[in-house]
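Here is a briefing on the structure shown below. Topics follow in turn, from overall build to local detail.

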Amino acid sequence: MLRITSLFTLMLLVGCVDPYEPNIRSTLNVVVVDGTITNLPEAQIIRLNRSSADPVTGLPSSIPLTKAKVEVVVDSGQVIAAHETTAGSYQLPSDFRGQIGHAYQLRFTLSDGTRYISTQQIMPPVPPISQLRAQFNPTSLAATQTNGFAAAHDIYLDTQDPPNQTNYYRWDWKLWETQEWCRSCVQGQYSINNVQALISGNGFQYYQTGDSLFEDCFYRTNFPNQPKLPYWVYDYPCRTRCWAIFYSYQLNIFADSYSNGGLITNRKVAQIPFYQHSPCLAEIRQSALTPSAYGFYKQLQDQTQNNGGLADTPPTASVGNVRNVANQREVIIGVFTASAVATARYWIDRKDTQGVPPGLFEAMMGRKPMLEPTPPKENPLISIITTIDQKPPYLAVCSPTDSRTPFKPVGWRD
Amino acid sequence: MNRLFFFILPLLLTTVARAQNFYTLSGTVRDSATGQPLVRSAVVIDYEKVGKGTYTDAQGGFIISLPAGKHIVVVRNVGYLTYRTSLYLHENTTLTVRVPSVSSQLEEVVVTSKGYDRTVREPLLGVSQINMKTLERIPAALGEVDILRGLQLLPGVTSVGEAANGVNIRGGTTDQNLILMDDTPIFNPTHMFGLFSVFPPDAVSGLDLYKGNVPARYGGRAASVLDISLKNPNLEQFKPTGGVSLVSNKLTADIPLVKGKLGLLVSGRGAFNSALLHLASDQLSDIKADFGDVVAKVFWRAGERNTVTAMGYFSKDFFQTNLLGSLASINSTGTQYRHETLNGMVRWFHAITPKLNLQTTAIVAQYVPDILSIEAVTANKVTLRQSLLQRQVKTNLNYQTAQSKTEIGLTATHYRLNPGELLPNGSVSVNYQKTPVENALETALYADHEVNVSDKLAVSAGLRYSYFMNLGPSVVRQYASGEAIDQTTVVDSIRYGAGQVTQHYGGFEPRLGIRYSVGANASVKVGYNLMRQYLQVITNTTTPLPTARWKTADQHIQPQVSQLVSAGWFQNLKNNIYEVTAEVYWRSTQHILDYKPGANFLLQPYPETQLLQGRSKAYGLELMVSKKKGELTGWVNYTYSRTFNQVIAGADFTQQINGGDWYRANYDRPHSFNASLNINQGKHHSFSFNFVYSTGRPYTAPEGFIRYQDRVYPYYNERNQYRLPDYHRLDFAWNIYNPSLKDRRWQGHWTFTVYNLYGRKNAYSIYYRTEGQGTNPYRLAIFAAPIPSLSYNFEFK
């Protein structure tokens, strides 16, 4: 009889992905439009920038397009003007918000007189989020992106797709985390009051606090003959309660073309990193997209998130729905669109976690916090004569920005 | 008594020899065929030419004095095979050495371009044959003998990379190659998405690649024909062969059912070793891959004048990986791929007279690729199914004389194509969907005539007339004339009943090859071809899997028409030991397909809205030197080739690609150099090397970066304006035949190969991924390290 003896050597079929340093010189210069009218009581903002390459180095840069005249036309009649709040950011009146079934169109004129117009977008309705469910997943995230900390809560969503209509969805998330460290001063020291540089009668220079409120990092001024100091960073805990805010940076879109009228179940809509043991609050935004917004996002997603496989679709120009009135061939990136949005918040108590999280500060900064030393045990590197009652080291204020807030978010459980 | 004496005597002598006695080794060296003595042959002892070695005299004789003991004797002479032996010298010994001359040897390298061949009088050019013996010696990735990878060592054959699902021949797309296995079409030539080819190596007897002149009996594809023939069963003797490699296990058996009359050949191969992939790398830990193929062939000699051959082939692939995307609009946690091919063929051969015969063949081929999306929690598998059924009948009459060969034939092919069907299999969200089935009939009538006009001139002339009908039932949209074909320009739609012709195409396909001999050892050839392709793949991916779909020509998608002009010089040197060829070609193709930005073909009932048709041009120069006989055999070739496409489907810029300019095809690789060498060290060892170099393929790189929604995204515009880094690779194989050295009926054969010997990370693709707020470039390599493997094959004689 046949007898086969087999011997297997090392099996080394090794697929391999490496970072790559391309040598691409760019000469790009395009207008980028980002504007979505929603039906929520929130700021309705249109952002304009010019993304270009530095003519000398070829490195990418983007410049906000300021002093443009930006208007939204509602139902081909009513014209609503947007005013520039920050550079390149144009906000519609605060009482304005979109309504389902109404048509919106963007038109704007740049400071050089070039006129642009978008296609008309009719705000599609959005079904409510039926249910959210979170599940701890120790290997949810790509470890290369998070310094090896791959654990996260995967949030799954259910929603009932409406029958008899084509629906396109986009999901985003927003996350609030308890924040304990409010300020880091690189080569500086946090001070509540302002700091004055003074010279004594015998010619010595020294620093002393003044009377006005400062609440910021103080950096040494340029005195002659100052001693050279090594590089240092001091971190300051929060004085009040503070929440760090995180946003999703992934395009998560879906079309009901194969499942019209069906129940969309177990759609993974968020991966909330396991930053720390304390609980956190997540908000899921479910937006209804117009066909043109879906088409633009889909192409962007295919070219930047769904690639890297054996059978990628080679990338092609992804053109949005805005055009130059006078020049059809000018490429304008981005879409102006209208989306009805349904939101739902989900409290993650993190009692189901396993393993050790990096800690919020470490995850954000990539290092351990460093306190400013407390005299008399050890002196800080800059000596400041403190004339007010409160002595350093101080606690820092939690000033509200896009990435943190001192106001307790709705849905937060104490 | 005497016997005992003769037994003891050598023992005594040996004992004496240990005391460093010297004996003479003498002998004569002669040509094995003529018996002529060979003057000045080098006789080398123990590999030391100086000192111990000598040369033969005018009578071919030599004499050396050597110490007793073991010696290795090597005799060399230019133009002759090297003679090797080892002997134990314990007395004065005489050797009679008879060596065959290299030129009298049968050709070892059986890659021939049929350029100049006395036995084959075909005046065709651009025809390559590879013998399976040659392929088996070529170092193969993971020890799997692979026809498609072997072909890529020939000039004019390239691919988009190591995971390519097919090859590009002389500037053609992968679907422009007609791949036939015993007359049945192979729609997907690879297992595991391009890593291995689907042809069971032990059952293949040989293959012909027609990349220049294509005889008129072939039709239906625009670029080339790869005709693979399977072995006929052995009618006399039961003969099993088999093997084990890292990837697969295979077994082939010749089973004579009625001796001399009826035989069966069965050959199967299975790869169920994906569990091993986990050991290699974490990246591969979620890959599951199994594949198998089996072929059975029956040959019946039904009397003096009739034979009947039947063949069945089945191939199956199952693959799960994160290296391929999932279907966008199905909410799933994983994706699996399943491909099945089922082919069958029956051929009746009837010899009317010894010179005239009739062959009639019936063919069925079915290809079913599935994409399975696994839904979360329920693990329900939503299936996206395609299927292609081809049924074909053909008959041809052959007439052959000493000076000419004539063939006339008739063929009819029916295609039934299900371009996409979504099977929810119990999903609560997904709905059943089906794209309309396409039916089409392709018929052809042809005649081929090959004649030796004179000693110098031979002509092969063929003419094919093909006629194609797209058949109902179907609903065909009408679009506003002169405007872009899309959703918004539909003006009407026409309903066709079952069997009604919705659109027809047809035309002549002339084929011509001329050979003119220049002297005894050289010839010049020219050729012209026109080919029409009515069934094609539409795809928007680098390699046409997994989301590609087949499409018959219809009212909106015209058949591709390709014309090729080629010319070549063929030269034999040194008694047919060396062959030197040079060929040039120019090819022009009408109605090639490219896709619009953001195109999606899956379950798309109107694919014409996603496509643009244009034209393509390709040209090249192919140079090849092969050494066909001797201890060292092999070939070296260099190809310069270019392929460009141009798409201007309308005046509007959205109807053009790259602004209507000529742009590089994604397999345009201008320079390629291949070397494949085989060194035979006697009967039991051979060493083989491949070296491959080619320019990197074009890819689309961003023209800059944009800031959008607080993220940096790459900005793409023109297609294929950058190139991947150059590709090069060295492979090595060591074949050990019959290591027991005994002439047993059971013979084993070990092959040790190292693929990518110096571990170059050849880029398969370069891509940009948006992670967090930034975009990072990456390079993907398929075989990024040296890959050693060992395989064992056996033969039962």
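What share of the 797 residues in chain B is buried? Buried residues make up 45% of them. The model is predicted.

**Overall build of chain B**
- Chain B holds four helices and 50 strands.
- The radius of gyration of chain B is 30 Å, close to the 28 Å that the globule rule gives for 797 residues, so chain B is as compact as a globular protein of that length.
- Along the principal axes, the C-alpha atoms of chain B fill a box of roughly 105 × 70 × 50 Å.
- Among contacts in chain B with a separation of 6 or more, 64% link residues 24 or more positions apart.

**Where chain B meets chain A**
- In chain B, 83 residues are in contact with 66 residues of chain A.
- Several elements of chain B each supply at least two residues to the side that touches chain A, including β17 (239–244), α4 (277–280), β43 (704–708) and β44 (711–715).
- β48 (763–771), β49 (774–781) and β50 (787–796) of chain B are also among them.
- That side of chain B comprises 49 nonpolar, 26 polar and eight charged residues.
- Strand pairing also crosses between the chains: strand β1 (residues 16–19) of chain A runs antiparallel to β49(B), over four bridges.
- Within this pair, V17(A) has L780(B) as its bridge partner.

**Strand pairing within chain B**
- Strands of a sheet pair through backbone hydrogen bonds, either parallel or antiparallel.
- Strand β2 (residues 42–45) of chain B pairs with strand β3 (residues 54–55) of chain B in the antiparallel sense, over two bridges.
- V43(B) is bridged to T54(B) in β3(B).
- β2(B) is also joined to strand β5 (residues 69–76) of chain B, by four bridges and again antiparallel.
- Opposite V44(B) stands V74(B), a residue of β5(B).

**An open sheet in chain A**
- Three strands of chain A form an open sheet in the order β11-β12-β20, with antiparallel pairing.
- β11 (129–137) and β20 (263–273) of chain A stand at the edges; each has a single partner strand, so one side of each is left without a neighbour in the sheet.
- From one strand to the next, the twist averages 25 degrees.
- Strand β12 (residues 152–160) of chain A is joined to β20(A) by eight bridges.
- Y156(A) faces K268(A) of β20(A) across this pairing.

**Backbone exceptions**
- Most residues other than glycine have a negative phi, and most peptide bonds are trans.
- P392(A) and P393(A) are joined by a cis peptide bond, with omega about 0 degrees.
- P393(A) sits in the loop between β26 (384–385) and β27 (404–405) of chain A.
- G472(B) and P473(B) are likewise joined by a cis peptide bond, with omega about 5 degrees.
- P473(B) belongs to the loop between β28 (457–471) and β29 (474–479) of chain B.
- N164(A), a residue other than glycine, has a positive phi near 60 degrees.
- The loop between β12 and β13 (168–178) of chain A holds N164(A).
- Is N164(A) buried or exposed? N164(A) is exposed, because 6 other C-beta atoms lie within 10 Å and the cut-off for exposed is 12 or fewer.
- N425(B) is not a glycine either, yet its phi is positive, at about 50 degrees.
- N425(B) lies in the loop between β25 (404–423) and β26 (433–434) of chain B.
- N425(B) has 14 C-beta neighbours inside 10 Å, so it counts as partly exposed.

Notes
Residues are numbered from 1 along each chain as its sequence is written. Chains are lettered from A and ligands numbered from 1 in the order in which they are written. This is a predicted model: local features need pLDDT of at least 70, side-chain atom pairs count only at pLDDT 80 or more; totals for chains, interfaces and linings use all residues. Two strands pair if DSSP finds at least two bridges between them. Two residues are in contact if their C-beta atoms, placed from the backbone, lie within 7 Å. Ala, Val, Leu, Ile, Met, Phe, Trp, Tyr, Cys and Pro count as nonpolar, Asp, Glu, Lys and Arg as charged, and the others, Gly among them, as polar. Axes are lines fitted to C-alpha atoms, for helices over the stretch in contact, and angles run from 0 to 180 degrees between N-to-C directions. The radius of gyration is taken over C-alpha atoms; the globule rule is 2.2 Å times the number of residues to the power 0.38. A residue is buried if 20 or more other C-beta atoms lie within 10 Å of its own, exposed if 12 or fewer, and partly exposed in between; C-beta atoms are placed from the backbone.
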